[in-house]
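Reader: I'd like to learn how to read a structure like this one. Could you walk me through it, feature by feature?

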Amino acid sequence: MDLKDSLSRFKQQQERCQSSLASIALSSKPKHRAQPINAPSVPARPSQPIKFSNDTERLQHINSIRKSPVGAQMKLVIELLYKTRQAYTAEQINEATYVDIHGNKAVFDSLRNNPKVHYDGRRFSYKSKYDLKGKDQLLVLIRRFAEGLAVVEVKDAYPTVMEDLQALKAAGEVWLLSNMDSQEDIVYPNDPKAKIKVDDDLKQLFREIELPRDMVDVEKELQKNGIKPMTNTAKRRAAAQIDGVKPKPKPKKKQREITKRTKLTNAHLPELFENLNN
């Protein structure tokens, strides 16, 4: 009897446990609110695109700069130094351009050895060929080069150097001419001691002098008079023939064509007499 009683009590306990589990399962189900039959269905909200914060975009920009080639990072730094003409530490350059100089040895070595960059052991600054601060120093430098100074060598000396060159030209302090071969501008000093008064008859005689038609003949005439020409047309033409390079045709001007009867003179150089007409 005892065994039967124990089995009976065990079965009753199992039944109570199963009923408890069933009630717990029913209570855990979500309750749905009943909606009216005619209620419009609410459309599901479309998923919004993920937007990066400004800080995330900045970090992506920094990462793209620091993973760029060494030359691209150097360009950013040199442009900063050129435009501001200030001296920067590596930390200041990092803040302005995001270029990590201390973290990239290749960039550091390239900047330190670049001819346009001055490094004093702590700061980086822009270095031009000539250390000029203004128009007066520019004029002093030009007067040291009686045979002419290439503008490209001074155009990065300071931000307004090109404006000062034009001002010096307008004031009659310098001559600003173009080299026909290199297409580069050359600046020459205009010595105030050389300003003289020339008679009108001499000016007219100069303008009426006939010039050779071919540049080779011009060079020969210069050599006859003891003047070394700046060009060597014969050599250039011979090299072009050997290499099979045809000379580039010059663009036609809308002026009258030069014929055999046309008289070539020095009248096309009126600027030479700008200071002599007074």
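Reader: How do I read a sheet, and in which order do the three strands of the open sheet lie?

Author: Strands of a sheet pair through backbone hydrogen bonds, either parallel or antiparallel. Here the open sheet has the order S1-S3-S2, with antiparallel pairing. Strand S1 (88-89) and strand S2 (117-119) are the edge strands, each pairing on one side only. Two strands count as paired if DSSP finds at least two bridges between them. Helices (H or I, at least four residues) and strands (E, at least two) are DSSP runs, numbered from the N terminus.

Before we go on, this is a predicted model: local features need pLDDT of at least 70, side-chain atom pairs count only at pLDDT 80 or more, and totals for chains, interfaces and linings use all residues. Residues are numbered from 1 along each chain as its sequence is written, and side-chain values use heavy atoms, leaving out hydrogens and water.

Reader: Which residue stands opposite Thr89?

Author: Arg123, in S3. S1 and strand S3 (residues 123-126) are antiparallel and share two bridges. Helix H3 (residues 70-84) lies across S1, S2 and S3, at about 65° to S3.

Reader: What does strand S6 pair with?

Author: Strand S6 (residues 185-189) runs antiparallel to strand S4 (residues 149-150), joined by two bridges. Leu149 has Val187 in S6 as its bridge partner.

Reader: How do I read helix packing, and at what angle do H3 and H4 pack?

Author: Two packed helices are described by the angle between their axes and the distance between the axes. For H3 and helix H4 (residues 90-97), the angle is about 100° and the axes are 11 Å apart. That makes the two helices roughly perpendicular (angles under 35 degrees count as roughly parallel, over 145 as roughly antiparallel, 65 to 115 as roughly perpendicular and the rest as oblique). The axes are lines fitted to C-alpha atoms, for helices over the stretch in contact, and angles run from 0 to 180 degrees between N-to-C directions. Leu76, Val77 and Leu80 of H3 make the contact with Ile93, Ala96 and Thr97 of H4, contact meaning heavy atoms within 4.5 Å.

Reader: And aromatic rings? How many pairs are there?

Author: A pair of aromatic rings is described by the distance of the centres and the angle of the planes. The whole structure has five aromatic pairs. Rings of Phe, Tyr and Trp (its six-membered ring) pair if their centres lie within 6.5 Å; planes under 30 degrees apart count as stacked, over 60 as edge-to-face and the rest as tilted. Phe108 and Phe124 have ring centres 6.2 Å apart and planes at 90°, so they are edge-to-face. Phe108 sits in helix H5 (residues 105-112) and Phe124 in strand S3, 16 residues apart. Both Phe108 and Phe124 are buried (buried means under 20% relative accessible area, exposed over 50%, partly exposed in between, with a 1.4 Å probe and protein chains only). Ring pairs also link Phe108, Tyr119 and Phe124 into a cluster.

Reader: Which residues touch the most other members of the largest nonpolar core?

Author: In soluble globular proteins, nonpolar side chains tend to be buried together. In this 17-residue core, they are Leu132, Leu138, Ile142, Leu149 and Val187. A nonpolar core is a set of buried Ala, Val, Leu, Ile, Met, Phe, Trp, Tyr and Cys residues joined through side-chain atoms within 4.5 Å. H6, helix H7 (161-170) and S5 each supply at least two residues, and H6 gives the most, with four.
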